[in-house]
Amino acid sequence: MNTKINVGVIFGGRSVENEISVLTAIQAMEAIDTAKYDITPIYISKEGEWYTGAALRESANYKNLDKLYAACEKVYLRPIYGDNHLYKVRKPLFGSDVVATLDVILPALHGTNCEDGSFQGTIEMTGIPYAGCNVLASANGMDKITMKMILSACGIPVIDYTWFSDKEWFDRQQQVIERVEAKLPYPMIVKPADSGSSVGIKAVHNREELQEAVENAITYSKRIIVEKLVEKLKEINCSVLGNYYECEASVCEAPIRSGEILSYEDKYLGGGAKGGAKGGVKESRGMHSTVREIPARLPEEQTAFIRATAVETFKALNCDGVSRIDFMIDEATQQIFVNEINTIPGSLSFYLWEATGISFTELTQRLIDIAFQRKRDSSFKTTSYKENIFNYSISEAKGAKGAKR
């Protein structure tokens, strides 16, 4: 009898970060202790269809998606609480249509429709334990505007910023530009509010560049954030592992960028150093491809401040699992700001935890344990009342709500 826990690793998704998610998932599946766990890979295509099969575990297979899909089974989850089965879309004439029973889910999803609470809400409907942040933390962490509002209210330092919607831009472009220029000096950074992996982000130095950057950013998001550009910038990342009441920070890293901002190429193709993307790297290893300095060479007081602020940010946003908090140091003033949080970081930030003394295998174990702990904790909370108001008269029921007569 197989007594191993079955872990559903879900990745891909309707996101511009689909391929990066594949790399994270493959790395995670290689790290999971197969003596303790079975693994069910589940890939969500860019069209939103779900697949499972052993072929999903090899990155080379994603070069030909039609061939990959043909080797896999199309599947779905039912949004019924207590149903943890993964079902075949094509039901067999005989036998069961259940492909697997999922005991816990390890999301390896990045970006819009995946890391923003959408996926987490779907899994909440099933009741299956899952690793990482819940719906609220995921949504707030993904949206850079909401995140900065929360952190500012908690006294956590963030860079000066302003924001607007795509509809405002379409209807009142001149007024929006004037408002941005009144709030911030050039140079600035334009970002889609809810996109990751440096997608759609551009540094701008004048009004013409601002207009071009916004036109690009609104193809990714309906809300745009514009921030002050730190010209003498040192970027520092720190990961946090745990839950909203008990967590710890990793060592810090300093990713090496090739331009004014850390680009998609810097992160995933090693573009920040010689021999990187421009030098002909043929295969990405996700965030592990980034050229980085670990641990970051910083004064002890700065390291301590960043690690403490990372924990504070994690708790303020009500996070669980593993996240990566990205910081900016203005080397002209030595001010430190939280730039953003990645609630499902690329490669699950395993490289930061390995440098801290926690192996990737132990990291996946901790994430699974946290998922089960959250499920146990939630079981003690009241979600419904035993009393049925329909057992009372209509007038009593209305009176209880103070309804008008």
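Predicted model: local features only at pLDDT ≥ 70, side-chain atom pairs only at ≥ 80, totals over all residues.
By class, the contact of H7 with H8 has three nonpolar, three polar and four charged residues. Local features need pLDDT of at least 70, side-chain atom pairs count only at pLDDT 80 or more, and totals for chains, interfaces and linings use all residues. Residues are numbered from 1 along each chain as its sequence is written, and side-chain values use heavy atoms, without hydrogens and water.

**Helices H7 and H8**
- The axes of H7 (residues 173-183) and H8 (residues 207-217) come within 12 Å and cross at roughly 115° (lines fitted to C-alpha atoms over the stretch in contact; angles from 0 to 180 degrees between N-to-C directions).

**Largest pocket**
- The largest pocket has a volume of about 570 Å³.
- Its lining has 23 residues, and Glu124, Arg374, Lys375, Asp377 and Ser378 lie nearest the centre of the pocket (lining residues have an atom within 4 Å of a point on a 1 Å grid; a pocket is an open set of points with protein on both sides within 12 Å along at least five of seven lines, for a 1.4 Å probe).
- H12 (360-378) gives the most to this lining, with seven residues.
- The lining divides into nine nonpolar, eight polar and six charged residues.

**Whole chain**
- The chain has 13 helices and 16 strands (DSSP runs of at least four residues for helices and at least two for strands).
- Buried residues make up 52% of the 405 residues (under 20% relative accessible area, 1.4 Å probe).

Conventions:
Nonpolar A, V, L, I, M, F, W, Y, C, P; charged D, E, K, R; others polar. Points joined across faces, edges and corners; volume = space filled by probe spheres on them. Buried < 20%, exposed > 50% of the residue type's maximum accessible area, 1.4 Å probe, protein only.
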